[in-house]
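Colleague: I have a model open and want to learn how to read it. Can we go feature by feature?

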Amino acid sequence: MAVTPITELNERARDVFRLVVESYLGTGLPVGSRTISKLATLSLSPASIRNVMQDLEELGLLAAPHTSAGRMPTESGLRLFVDGMMQAAEPSVEERRAIEAGIAEGGPIEEALSAATAALSGLSACAGIVMVPKREPVLRQFGFVPLNERQALAVLVGQDGSIENRVVDLPPGVTPIMLNEAANFMSARFGGLTLAQAGEALQRELERERHALQGAARELVERGIAIWSQDADERPVLIVRGQAHLLDDGTAADLERVRQLLEQLEGKQEISRLLESALAGSATKIFIGSENKLFSLSGSSVIAAPYRGGDGRVVGVVGVIGPTRLNYARVIPMVDFTAQTLSRLMR
């Protein structure tokens, strides 16, 4: 449905509409004409306000749930409010400090991103999300730790000190000695390379060393590189924090929607594809309800802002996911500030 231009509403309709939306976003409940008459500075009777609300409903900006006589904004109404009427409130000093505190602690970049996401989640009462920058780690060392006869833990150490683990299935006949041989071979041959470079060099190196490695050890090296390369292809990694914030007091009557949203948050690759659309621009993007097919069932909103690396290019996205009734005026600037702070960290 096309959104009604704000210019088509007269001043009285705009005032009533704004009060309905602001009251709904604050309480999550449909708003009646008597409530608006108490809030409004307008000299309008409840009957006059009801007439205005009926007009707004006919325009597709308000809806009347059959369980209530009050009105609530539709997704089109929320879009109109966010784009044309909302007055954003800049983050407070305390909110800025809370966001900056976790980022300033240092350590691997993923830890700073996770801390920023957790802080944003806590302040917004939404689930915080951040897309980790796509990167090609430079390899320093490989290792294999046996778990049982059929599996081992493949350990990759990057030159930046990062450590990642993956479970790999073992070829038949692999012994602890072979695990050590394969790890030493990979560390010696592929240290200082990226995963892509290691993959390109793999077959050439294995052919050259065909007499130095036994068949099972060779297959183990191939599997070790393959599992890391596959993992790299599936990036970007998405960090989600604060899902519990979605289970607030206002969700008791809408548990099915929350259940669907929590299930959607488990599909990180799908959410990553949604967030990638925010990589293309420089401004914050806002997806309200069914404007995005992924959240059409749960009726959720996503606010996402890109952040930049040292060369000024967009490298990731940070944001929140929450109910459509979230406090847009407060949360949008908060997401903007988090993205700007992450950009400073990347410099």
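Colleague: Does Phe-190 count as buried or exposed?

Modeller: Buried means under 20% relative accessible area, exposed over 50%, and partly exposed in between, with a 1.4 Å probe and protein chains only. Phe-190 has 0% relative accessibility, so Phe-190 counts as buried. This is a predicted model: local features need pLDDT of at least 70, side-chain atom pairs count only at pLDDT 80 or more, and totals for chains, interfaces and linings use all residues. Residues are numbered from 1 along each chain as its sequence is written, and side-chain values use heavy atoms, with hydrogens and water left out.

Colleague: Where is Leu-56 found?

Modeller: Helices (H or I, at least four residues) and strands (E, at least two) are DSSP runs, numbered from the N terminus. Leu-56 sits in helix H3, residues 46-58. Its relative accessible area is 1%, so Leu-56 is buried.

Colleague: What is Leu-56 in contact with, leaving aside neighbours within four places in sequence?

Modeller: Contact means heavy atoms within 4.5 Å. The partners of Leu-56 are Leu-9, Ala-13, Val-16, Phe-17, Leu-61 and Leu-62. Phe-17 is 39 residues away in sequence, yet 7.5 Å from Leu-56, C-alpha to C-alpha.
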